[in-house]
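Open the structure in your viewer and keep the selection tool at hand. The tour goes from a strand pair to a single side chain and then to a cavity.

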Amino acid sequence: MQGFSYLPSVGILSTYAPTVCGLATFSAALAGGMSARGIDVNVVRIADGTPAVDSKVVGELVNGSSPSVAAAAERLNGCDVAVIQHEYGIYGGADGEEVVEIIRGLRVPSIVVVHTVLESPTPHQRSVLEDVLALAGRAVVMSASARARLCAGYTVDPDKVSIIPHGAALPDAVAPKPAGRPTILTWGLLGPGKGIERVIDAMVTLKDLPAAPRYLIAGRTHPKVLATHGEAYRDGLLAQARRLGVADSVVFDATYRTPQALTTLLQDAAVVVLPYDSKEQVTSGVLVDSVASGRPVIATAFPHAVELLGTGAGTVVDHDDAGALVDALRRLLTDSRAAGSMAFAARELAPAMAWPVVAGAYIALAQRLVAERQAAA
């Protein structure tokens, strides 16, 4: 090894394809970006009852199994650096505390990617994350708001916390403004908390526009929501649209899309709307992908949206201000200058979010950890 010139092998612990969730998509894209840069990537996948389909998967973690926890740590020890995805609800034990034992069993340096930073965690949620942070060599968050919240609300060495943006697949070229009936798009896994009701309500007052828009809600119901509640949320939205007389302008599309097809979908939209209920969200992959597509974005005021769209790449509206949402939609659907300005600002941000750039930042961080380990030896 020659310090930063060495390409370390990387082990990733995460949900992973064919699991359907944002974290699995993130990890697959990160693994692909690292592999493209010459990194040997090995994935320990959190088992969900479906067989692994990617040759990068070298093992599976069975939650609640002590032997599997120990085996997962040993699999990761076979690499130079371990990258641990941290999210509540994916690991075994109360508040996912089994991940602490995995990290404690590592003999190689680790990078913990913190996807959720709760502003008001329970005492045990705080304890679990603080234990994870204490054991990690480095922690990565994806926004300045996440770093500020983490450093202010948790016991952590600020020098250990880095910001690396959430990655995105960039379009090959700038698409022209879509022709014909404009499409308002909300996309991603469907379930309560997405706030889609807000936009369906807004469609009532947008029917008078010269080019009346349609509202496309693209995405499958989240598997965990489907298992527990079936399609009750989707059915409720359909009933709302019928009740308000806008069912002919509200379209649901549960088609699974590849990253390339998703880019095409985004480029075909006049405006992307993320009307989430959450006021906690400091990381949103859907937001990053939407901005990277070069289309204007409207979002409720969750922290990542406030930070990213404050650059001019979109509009933020208060969660409870229905009038502001209608006004923002009306403006972007009728004022081509405003929409074009936001799209331009979004395209200015996009290069820093490209997956090759993001993967390179993780590789550089892994190299620093290996170099530090060598220097201390």
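**A strand pair, a serine and a cavity**

Select Thr-300 first: its bridge partner in E13 is Val-317. The chain runs from E12 through helix H11 (residues 303-309) to E13, a right-handed β-α-β crossover (with the strands pointing away from the viewer, the path from the first strand over the helix to the second runs clockwise). Now show strand E12 (residues 297-300) with strand E13 (residues 314-317): they pair in the parallel sense over 4 bridges (pairing needs at least two DSSP bridges between two strands). Helices (H or I, at least four residues) and strands (E, at least two) are DSSP runs, numbered from the N terminus.

This is a predicted model, where local features need pLDDT of at least 70 and side-chain atom pairs pLDDT 80 or more, while totals for chains, interfaces and linings use all residues. Residues are numbered from 1 along each chain as its sequence is written, and side-chain values use heavy atoms, without hydrogens and water.

Next, select Ser-290 in helix H10 (residues 285-292). Is Ser-290 buried or exposed? Ser-290 counts as buried because its relative accessibility is 0% (buried is under 20% relative accessible area, exposed over 50%, partly exposed in between, with a 1.4 Å probe and protein chains only). Among the residues that Ser-290 touches are Leu-266, Arg-295 and Val-297 (contact means heavy atoms within 4.5 Å).

Finally, select the lining of the largest cavity, which includes Trp-187, Lys-194 and Tyr-276 (lining residues have an atom within 4 Å of a point on a 1 Å grid where a 1.4 Å probe fits but cannot get out). Strand E8 (183-187) and strand E9 (214-218) each give two or more residues to this lining.

Technical notes
On a 1 Å grid over the protein atoms alone, a cavity is a set of points where a 1.4 Å probe fits but cannot get out, and a pocket is an open set with protein on both sides within 12 Å along at least five of seven lines; lining residues have an atom within 4 Å of a point. Lists of a residue's contacts leave out its neighbours within four places in sequence.
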